Structures are given as structure tokens and as C-alpha cells.
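Thanks for making time this morning. I would like to walk you through one chain, going from single residues out to the whole fold.

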Amino acid sequence: MFLLYEYDIFWAFLIISSLIPILAFLISGILAPLSKGPEKLSSYESGIEPMGDAWLQFRIRYYMFALVFVVFDVETVFLYPWAMSFDVLGVSVFIEALIFVLILIVGSVYAWRKGALEWS
């Protein structure tokens with residue numbers, strides 16, 4: 001009996017998901033023009049001439065807000081499987097999940113106190 005029989009769907013999905021980006025790169029390489037014109041070689045392809053200095057100072061708050069969003073997004077990814085098998089895992093896993101959520105709450109309060117979660 002073939003041991004990986006149950007993984008046929010997985011292998012099919014893996015092959016198809018690997019072929020799609022490879023084919024996209026091959027087709028774009030075939031259809032792309034061979035010679036690049038001056039518009040393609042310019043630094044701005046939108047047609048708008050650059051004005052002023054290219055150096056801009058960005059506020060770090062936007063990146064901090066995005067980072068906090070990613071942390072809580074990852075939290076959701078970890079809590080979803082736990083919630084789906086809650087009845088099987090027991091009380092000790094529930095306590096561990098509460099500690100996990102408590103650590104994330106403390107981290108969000110710390111980020112808020114530092115000013116990373118302000119909207120202004």
C-alpha cells in the first residue's frame with residue numbers, strides 16, 4: 001500500500017501552486033518588449049516630473065501602527081486553531097492562552113503609552 005496516498009490532494013495543490021508563478025514569469029518574459037525605450041528607462045514612469053528634493057521625512061507612527069496590526073493579526077492566526085479544538089485541549093491550555101492574550105494586551109498598552117497607536 002502506498003503510504004502517501006492520503007497526500008494526493010496536497011501534492012496536486014503544491015504542483016499547481018508552484019506552476020502558476022513560474023508560468024506567469026515565463027509568459028511575461030515572452031510578451032515583454034525586447035528593447036526598452038526612454039520612458040521605460042526613466043526614473044518616473046507616471047509622466048510627472050519630480051519636483052524638489054527626493055528626501056522626505058516619514059513619520060514612524062504609521063509603521064508602528066502597521067507593526068501592531070501585524071502582531072494582532074498573527075495573534076488571530078494562533079488563536080483560531082486553539083478555539084476550534086477548545087473542548088479537547090483542557091484547562092491548562094486555556095490558562096496558557098489567557099497568558100498569551102495577557103502578554104499581547106500588555107504589549108498593546110505599552111505601544112499605546114509610547115504613542116504608537118495615536119491617530120493624529
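Let me start with a definition: a residue is called buried under 20% relative accessible area, exposed over 50%, and partly exposed in between, with a 1.4 Å probe and protein chains only. What you see is a predicted model, in which local features need pLDDT of at least 70 and side-chain atom pairs count only at pLDDT 80 or more, while totals for chains, interfaces and linings use all residues. Residues are numbered from 1 along each chain as its sequence is written, and side-chain values use heavy atoms, with hydrogens and water left out.

With that in place, take F72, which has a relative accessible area of 27% and is therefore partly exposed. F72 sits in helix α3, residues 60-84, where helices are DSSP runs of H or I with at least four residues, strands are runs of E with at least two, and both are numbered from the N terminus. If we define contact as heavy atoms within 4.5 Å, which residues does F72 touch once its neighbours within four places in sequence are left aside? They are L104 and S108; L104 is 32 residues away from F72 in sequence, yet the C-alpha to C-alpha separation is 7.8 Å.

Now the chain as a whole. There are 5 helices and 0 strands, and buried residues account for 7% of the 120 residues. Of the contacts between residues at least 6 apart in sequence, 57% join residues at least 24 apart.

In the model, residues 12-34 are 87% helix and 0% strand, with end C-alpha atoms 35 Å apart, whereas residues 89-112 are 96% helix and 0% strand, with end C-alpha atoms 33 Å apart.

Finally, the aromatic rings. Rings of Phe, Tyr and Trp (its six-membered ring) pair if their centres lie within 6.5 Å, and planes under 30 degrees apart count as stacked, over 60 as edge-to-face and the rest as tilted. That rule gives 1 aromatic pair: F10 and W11, edge-to-face, at 5.2 Å centre to centre and 65 degrees between the planes. F10 has 44% relative accessibility, so it counts as partly exposed, and W11, at 39%, is partly exposed as well.

Notes:
Contact = heavy atoms within 4.5 Å.
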